[in-house]
Amino acid sequence: MREVITAPLPGLDLRRHYGHFQSPAIRAGGLIFCSGMIPVDPHTGERLHGTLTSEAHVIFGNLKLLLEAAGSSLDRLVQVHALIYDSIEYDVLNRVYRQYVANGPPARTVWSAQIEAGFKVQLDVIAAA
Amino acid sequence: MSLLRAVIAPPLPGPGAKRAFNGQASAAVRGGAFVFVSGLTSVDPATGEAIRGTTARETQRVLENLKLILEAAGSSLARVVKVNVLVHSMLEAPNMNEIYARFFPEPPPARTVCGARLPHGAKVMIECTALAPDDQP
């Protein structure tokens, strides 16, 4: 069984706003696979560029909405890929990260990569359904 | 209880030959309910020779090879749950996206796209996770 998780708010539908050929998330085999999360306004889809800290807060807010719409939550994250624009910001990411992922944190890999639209951070996660 | 783990033999020698030459990776491995496919770059499926071209051409070749590998595993593009696409420049993401959209049936899988430096001058690399066939109890 493969089930699409639709965007709980219109701004989180990146296909609609930006033409990305992807579903917001897919539930399959007891897991939820989320598409790469970027800092957009969850109501309007407007890109919210800022510091890595501000972008990460927006992303975690959106991720919480998406996971909860899928019947999961930030407490049920299994694996996180955190892409950042420059590894010099690793500690900055961690300061935000630990506010949202407190206890029994998920497996995680952080690396630097080029992120769409010049964003500073993108989260790519798998959660337990 | 131990879950099934099985290496999926590529249907044509290309992807496998390239991997054997390059390093220790199977093209795809079945694990439990899922098939995990290695990051694929554009190669001739018959010979394993790299095929370099535009981002669009490379995307086309990679997805054709991905389809073959998934079908060899008893899965398919329609059973893909998550795709990670690495492109050599995010400026090329729209060129990749246009071809990509022709391959996956509705509704598309979840996906993450990022820009990265790829081996041997490849412009696109695609890895994915798909649901395995429902043949296990």
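**Close-up views of a two-chain predicted model**

**View 1. Helix 3 of chain B gives the second largest pocket four lining residues, the largest share.** Here a pocket is an open set of points on a 1 Å grid over the protein atoms alone where a 1.4 Å probe fits, with protein on both sides within 12 Å along at least five of seven lines, and lining residues have an atom within 4 Å of a point. Helices (H or I, at least four residues) and strands (E, at least two) are DSSP runs, numbered from the N terminus. Nearest the centre of this pocket lie A:His20, A:Glu116, B:Met90, B:Ala93 and B:Pro94.

This is a predicted model, where local features need pLDDT of at least 70, side-chain atom pairs count only at pLDDT 80 or more, and totals for chains, interfaces and linings use all residues. Residues are numbered from 1 along each chain, chains are lettered from A and ligands numbered from 1 as written, and side-chain values use heavy atoms, without hydrogens or water.

View 2. Strand 4 of chain A gives the most, four residues. Among the residues closest to the centre are A:Gln79 and B:Phe36.

**View 3. Chain B has three helices and six strands.** Along the sequence, they follow the pattern β-α-β-β-α-β-α-β-β.
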